[in-house]
Amino acid sequence: MLASPAVRLALMIEGQEGVTWDDWVALASACEEHGVEALFRSDHYVSGSDESRPVLDAWTTLAGLAARTTKLQFGTLVSPGTFRHPSVLARSAATADEISGGRITLGLGAGWMEREHEAYGFPFGTARERVAVFGEQLEIVHRLLREDNVDFDGEHYALESAPGLARPDLPILVGGSAKPGTAEPAVRFADEYNTFFANMDEIRERKLKLDEACERAGRDPATFRYSLMAPCVVGRDEREVQESARRIGARFGREPQQVLERYGEFGPVGTVDQVVERLKQIEEIGYERVMLQHLAHQDLDTVALIGRELAPAVA
């Protein structure tokens, strides 16, 4: 086994891809049983591949799981600013955090999937408009969680002497590709920045952009957590790797080799040793946590493998 990088692992589940309540309970139980530290989920209302797949609400799901677990951390990756008023989002996260005893991370982003907005009547707007809404939302959520009383008068939201929610230790994560619209507000109001589906050159470039945003804002980059959401295909040997790729491909209409080639560009793919090597490279760039996207969500053996073999190897 290669030398262990100091990077923490989390499981990331695409909740819009037919994950039922029974599936969520099984996933959370497997994470706790096998030592997976954190379970993150997407916050979408429509599957991008099959709209007949059931989709449960992200924050309701997390609150329910928080009541059934004792140590597993939870978070959204990420909640779009377009879905909820920031006061509602902050209160949902604060409630789940209280239920869990302080195990929630609130992940926010600007929103990108136009189809789900059309389907359910959420205003989508231009990219510029969504980023502006996100910026105001992030500041409001940050202040509601940390201040006793909040006044805010923006272009999109106004709060008048709103009582705070008294959750100053609830971490806020921003998801994006390190562009100014999300990076600049994030270094002012967030604890962590998560980027996604990027090759090694891109994650290095994004880390540099975030460092530069910290410097412009007068923030020490060492106080900011950097994380990556990446697809993962892993097995103890080549046969298990191929079988994992086959399960993922069967859900999304791809051949196993397509899965390995596509995901290998953007994430850790291969045997345990190969995945640890990729994680070491990610850590050396400066990323402290990797959310491993587990697309064949009913495959609990992979959850066990991540918790029992991958996580100890990178602890």
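1. Contact here means heavy atoms within 4.5 Å. By that criterion, and leaving aside residues up to four places away in sequence, Phe-224 touches Ala-186, Val-187, Ala-190, Asp-191, Glu-192, Tyr-193, Leu-210, Cys-214, Arg-219 and Glu-288.

2. This is a predicted model, in which local features need pLDDT of at least 70 and side-chain atom pairs count only at pLDDT 80 or more, while totals for chains, interfaces and linings use all residues. Residues are numbered from 1 along each chain as its sequence is written, and side-chain values use heavy atoms, with hydrogens and water left out.

3. The average pLDDT (the predictor's confidence in each residue, from 0 to 100) is 96 for the protein, and 98% of the residues score at least 70. Over residues 1-5, however, pLDDT stays under 50, and the model has 19 contacts beyond four places in sequence for this stretch. Where pLDDT is low, the predicted coordinates should not be read in detail.

4. A nonpolar core is taken as a set of buried Ala, Val, Leu, Ile, Met, Phe, Trp, Tyr and Cys residues joined through side-chain atoms within 4.5 Å, where buried means under 20% relative accessible area, exposed over 50% and partly exposed in between (1.4 Å probe, protein chains only). The largest such core has 78 residues, of which Leu-11, Leu-39, Leu-106, Phe-224 and Leu-310 touch the most other members. Helix H5 (residues 127-146) supplies the largest share of this core, seven residues; helices (H or I, at least four residues) and strands (E, at least two) are DSSP runs numbered from the N terminus. A second, separate core of ten residues includes Val-233, Ile-248, Val-259 and Ala-296.

5. Helix H10 (residues 272-285) packs against helix H11 (residues 300-313) at an angle of about 50°, with the axes 10 Å apart; axes are lines fitted to C-alpha atoms, for helices over the stretch in contact, and angles run from 0 to 180 degrees between N-to-C directions. On the H10 side the contact is made by Val-272, Val-275 and Val-276, and on the H11 side by Leu-305, Glu-309, Leu-310 and Ala-313.

6. Some backbone geometry deserves a separate look. The peptide bond from Leu-77 to Val-78 is cis, with omega near -10°, and Val-78 lies in the loop between strand S3 (73-76) and strand S4 (79-80). Ala-166, in the loop between strand S7 (158-163) and strand S8 (172-175), has a positive phi near 55° although this residue is not glycine, and Ala-166 counts as exposed at 61% relative accessibility.
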